[in-house]
Amino acid sequence: MKKSLIVWGGWDGHDPEQVADIFAGILRQDGFEVEVSNTLEAFDDAEKLLGLDLIVPVWTMGEIDQVRVDNVSAAVQNGTGLAGCHGGMCDSFRTNVDWQFMTGGQWVAHPGNDGVKYTVEIKGSSSSLVEGIEDFSLATEQYYLHVDPAVEVLATTRFPVAEGPHALNKAVDMPVIWTKRWGVGRVYYNSLGHQADIVEIPQVKELMRRGLLWAAEGKENALRGEKDGAALGHVYTGMADNQ
């Protein structure tokens, strides 16, 4: 049985407990053993994290000790999957660049705030993560992110839609869903999910289900020796002490 850890908290405006419950339900339905925690102390046991198949952060605008980031990073580098959505993963810890490097991006704005009507455009891809899902529209926050150029983008949205200081720049396609590798671990991110009702939208929930399962499968592949060109056991411990 695959083991997962969901850690929720931070800003209440993102419905962290409710979103964590949705993710827990998805994973249990797919046969996972699920631990849910509302404290960052869940990241203290480095050996325990190394034994997990999946870590799911649901924590917005928090502060985190560097050792906890290092523990999560080491686990992911050695095959534990990391998957999450919206500010719960890519606006978790604004002051920690190691977290941002690992997750692949950082929220910087949502022009127009909540209720912006926009379209999520699924990229043509052979990835099973988006297979059979058509473009869809919704009204919610449209995330503008600073994004790692190494990510594989699976869906985008067009900016600008709402007015703002960015509006006179040329139109850009902002990533909405991406994957990346961190060591031999798989990382999945979806910028949708401002509140629990957005996560429950059928397309969003299905995309998250696929992403959670995909990220968790990386551990088994790593243990079988399918290391995506990386060396299992090589652990990066963070940059903070070198700056």
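Val-120, leaving aside its neighbours within four places in sequence, is in contact with Asp-135, Phe-136, Leu-138, Ala-155, Thr-156, Val-176 and Leu-192. In this predicted model, Val-120 is among the residues with the most contacts inside the largest nonpolar core, together with Ile-6, Phe-23, Leu-27 and Leu-212.

**Nonpolar cores**

- The largest nonpolar core has 43 residues.
- Helix α7 gives the largest share of this core, with eight residues.
- Another core, of 30 residues, lies apart from the largest one, and its members include Leu-5, Phe-43, Ile-64 and Trp-107.

**Helix α1**

- Helix α1 covers residues 16–29, which makes 14 residues. From the first C-alpha to the last, α1 reaches 20 Å, close to the 20 Å expected at 1.5 Å a residue.
- The buried residues of α1 are Pro-16, Val-19, Ala-20, Ile-22, Phe-23, Ala-24, Ile-26 and Leu-27.
- Asp-21 is found in helix α1. Asp-21 has a relative accessible area of 48% and is therefore partly exposed, as this value lies between the 20% and 50% limits.
- Asp-21 and Trp-182 are 161 residues apart along the chain, and their C-alpha atoms are separated by 26 Å.

**Helix α7**

- The 22 residues of α7 should span 32 Å at 1.5 Å a residue, and the end C-alpha atoms are 33 Å apart, so the two values agree.
- Just after α7, Gly-225 takes a positive phi of about 95 degrees.

**Cavities**

- Two cavities of 30 Å³ or more are counted. The largest cavity holds about 60 Å³ of space.
- The lining of the largest cavity consists of Gly-9, His-14, Pro-16, Val-19, Val-58, Trp-59, Thr-60, Cys-85, His-86, Gly-87, Gly-88 and Gly-193.
- Strand β3 supplies three residues, the largest share of this lining. At least two lining residues come from each of α1, β3 and α4 (87–90).
- Pro-16 and Val-19 line the largest cavity, and both are listed with the buried residues of α1.

**Annotated domain**

- In an unreviewed entry, UniProt lists residues 5–215 for "domain: ThuA-like".
- In the model, the span of residues 5–215 is 28% helix and 33% strand. Its end C-alpha atoms lie 13 Å apart.

**Backbone geometry**

- Most residues other than glycine have a negative phi, and most peptide bonds are trans.
- Asp-15 has a phi near 50 degrees, a positive value in a residue other than glycine. Asp-15 lies in the loop between β1 and α1. With the limit for burial set at under 20%, Asp-15 counts as buried because its relative accessibility is 18%.
- Asn-113 has a phi near 60 degrees, again a positive value in a residue other than glycine. Asn-113 lies in the loop between β5 (105–109) and β6 (116–122). At 46% relative accessibility, Asn-113 counts as partly exposed.
- Phe-159 and Pro-160 are joined by a cis peptide bond, with omega at about -5 degrees. Pro-160 has its place in the loop between β9 (152–159) and β10 (172–182).

**Asp-44**

- Asp-44 is found in the loop between β2 and α2 (46–50). Its relative accessible area of 40% makes Asp-44 partly exposed.
- Leaving aside its neighbours within four places in sequence, Asp-44 is in contact with Arg-68 and Asn-71.
- Asp-44 and Ala-215 are 171 residues apart along the chain, and 21 Å separates their C-alpha atoms.

Terms used:
Residues are numbered from 1 along each chain as its sequence is written. This is a predicted model: local features need pLDDT of at least 70, side-chain atom pairs count only at pLDDT 80 or more; totals for chains, interfaces and linings use all residues. Side-chain values use heavy atoms; hydrogens and water are left out. Helices (H or I, at least four residues) and strands (E, at least two) are DSSP runs, numbered from the N terminus. The expected span of a helix is 1.5 Å times one less than its number of residues. Buried means under 20% relative accessible area, exposed over 50%, partly exposed in between (1.4 Å probe, protein chains only). UniProt positions are given in the numbering used here, feature names are shortened, and annotations may be inferred rather than shown by experiment. A nonpolar core is a set of buried Ala, Val, Leu, Ile, Met, Phe, Trp, Tyr and Cys residues joined through side-chain atoms within 4.5 Å. Contact means heavy atoms within 4.5 Å. On a 1 Å grid over the protein atoms alone, a cavity is a set of points where a 1.4 Å probe fits but cannot get out, and a pocket is an open set with protein on both sides within 12 Å along at least five of seven lines; lining residues have an atom within 4 Å of a point. Grid points are joined across faces, edges and corners, and a volume is the space filled by probe spheres set on the points.
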